[in-house]
Amino acid sequence: MIIVAIIAIAVLIFGIGIYNSLIGKKNQVANAFSAIDVMLKKRFDLLPNLVETVKQYMQYEGDTLTKITELRGKAMGNSVSEGEKLALDTQIGTAVKGLMVSVENYPDLKANQNFLNLQSTWTESEEQIAAARRNYNSSVTSYNNAVMMFPGNMFAGMLGYQTMPVLETAEVERANISAKNLFNN
Amino acid sequence: MDTDFKVSPAIENVIAELEIQRKKIAASKFQGWGAILLGAFAAFLVFSAGQPVIALIVGAAFIVLGMVILYRISDDIAQYKYRFKQEVIGASLNTLNQSITFNHNDGIAESEFVGSQLFTRRPDRYHTEDLISGKDEKTTFYFAEVHAEYKTETQTKNGRQVHWHDILKGIIFTADFNKNFNGVTVVRPKDFGSSIGAWFSKNLFSFGDKDLIQLENEYFNKNFVTYGTDQIEARYILTPAMMDSISELNERSAYCVSLSFINSSVYIAFPLAHNYFEAPVFKTLLRPDLLKEDMNILGFMLLIIRELDLNTRIWTK
């Protein structure tokens, strides 16, 4: 009788542990996503400053600057979904990358301290977002494993938990950051 | 790693002078220890022949003679070692990198060793020496030899017995890191205990190892366990490129390295069997590979900065 009670208590504790772990992992995914959101906001906040600084020097990049401003406007809108926000961020990233390459043609801008600071901050935000996305993917993988593997899958079924997709790694995150490619000065 | 290094004529002259001093020291040491051994042996023979008093007198005379000889050369040895470290090692290190300063009496403070969080155990006995500091392009660095140990006690028939165990016998290298961060990220070799903890955290319960960082690099996960106070910051530091570089560095090291990223710096612990920057007494100084290992270790430390790309300063720091 005592042995049966001990086994029952052990199974109960084990079950509570698995259940809590599953909930914890799901919350971790939500938390990881909100971290990306915070990073994106920080990055979008940089853009007006960047556009304003380069506008004074770059006479021939008006289209790119307008495009960046428009994309930012869309990304900051209330109706935009999280997925769309990430897609817009990728487009902004590509546009800014193009802009940074064009800087080569504007020696005065290349020497501007304010621009150099903005450029460093931009690079930093890029790596921070990459880190936040990797963290999100790690949280999703951990959650998906818990949902799909025994014994977590039993509880996941009861709770209606389903697997989640991981974020695709953007090209910029796969590539190594290179000072040469970024600055060329 | 072999460093391309040639001894300058000035250093060659110092080595030639020191070789004369070394020979004298080696001969005196040989005589001193010879007298002590001879005394012990003679005492044993006379004692075996049934003359304990004479054995004591003969043994003591030789042993005292040996000790006097050894005592008389102790200052010479200290001076020889000092000159070797300053005028040969220090000067040679400067030929590889002019910014380098070498201080054989200094090292990494115990508080810094503990603060680096490279190891979970606090040392009970700590020794450090041979501090080398300098700057490679934009990155300041320093490293020193460290021997940190902890003790355990066992109860035996004859009372308590103390056992000393190594936490680290090797080199601690630290450099200014090129990114800003506020938290702590630690990369430690994977041992049995941490593997079990990581497996549980990954596959079953997530309580316990809250600070565990699950990274994507397969080699990295196989060889290291990573802990951090901030999941995103740890990944900001340990980018895919950085993990590849650490893996590469680990492959080049004889034993598995440990790393910590703390207070805007990176700390790396290299366990090593060899004691570097020491003056030989019974081996000649006039051999071509005299400084090879010492220079190679410096070359290796400078390689870390390149390998981890610490001179790339494109972030806001």
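Here is a short walk through this predicted model, one selection at a time.

**Confidence in chain B.** Start by colouring chain B by pLDDT: the average is 87, and 91% of the residues score at least 70. Within chain B, helix 5 (residues 192–203) has the lowest confidence, with a mean of 62, while helix 4 (residues 110–115) has the highest, at 95.

**The largest nonpolar core.** Next, select B:Phe173, B:Leu238, B:Phe261, B:Ile268 and B:Phe270, the residues with the most contacts inside a core of 62 residues. Helix 9 (residues 292–307) of chain B gives this core its largest share, nine residues. Domain 1 (9–96) and domain 2 (101–308) of chain B each supply at least three residues.

Now zoom in on B:Leu238. Beyond its neighbours within four places in sequence, its contacts include B:Val187, B:Met243, B:Phe261 and, from the other chain, A:Arg134.

**A second core.** Move to A:Ala35, A:Phe44, A:Val96 and A:Phe155, which are among the 48 residues of a separate core.

**Salt bridges.** The structure holds 19 of them over all chains. Pick A:Arg43 and A:Glu126, whose closest N and O atoms are 3.1 Å apart. This pair joins helix 1 (residues 2–55) to helix 5 (residues 113–148) of chain A, so it ties together parts 83 residues apart in sequence. A:Arg43 is buried at 3% relative accessibility, and A:Glu126 is buried at 16%.

Finish at B:Arg306, which forms salt bridges with B:Asp136 at 2.7 Å and with B:Glu137 at 4.0 Å. B:Arg306 itself is partly exposed, at 48%; B:Asp136 is buried, at 7%, whereas B:Glu137 is exposed, at 57%.

Methods:
Residues numbered from 1 in each chain as written. Chains lettered and ligands numbered in written order. Predicted model: local features only at pLDDT ≥ 70, side-chain atom pairs only at ≥ 80, totals over all residues. Heavy atoms only, no water. Core = buried A, V, L, I, M, F, W, Y, C linked by side-chain atoms within 4.5 Å. Buried < 20%, exposed > 50% of the residue type's maximum accessible area, 1.4 Å probe, protein only. Helix = DSSP H or I, 4+ residues; strand = E, 2+ residues; numbered from the N terminus. Domains from an automatic or database assignment. Contact = heavy atoms within 4.5 Å. pLDDT = per-residue confidence, 0-100. Salt bridge = Lys/Arg side-chain N within 4 Å of Asp/Glu carboxyl O.
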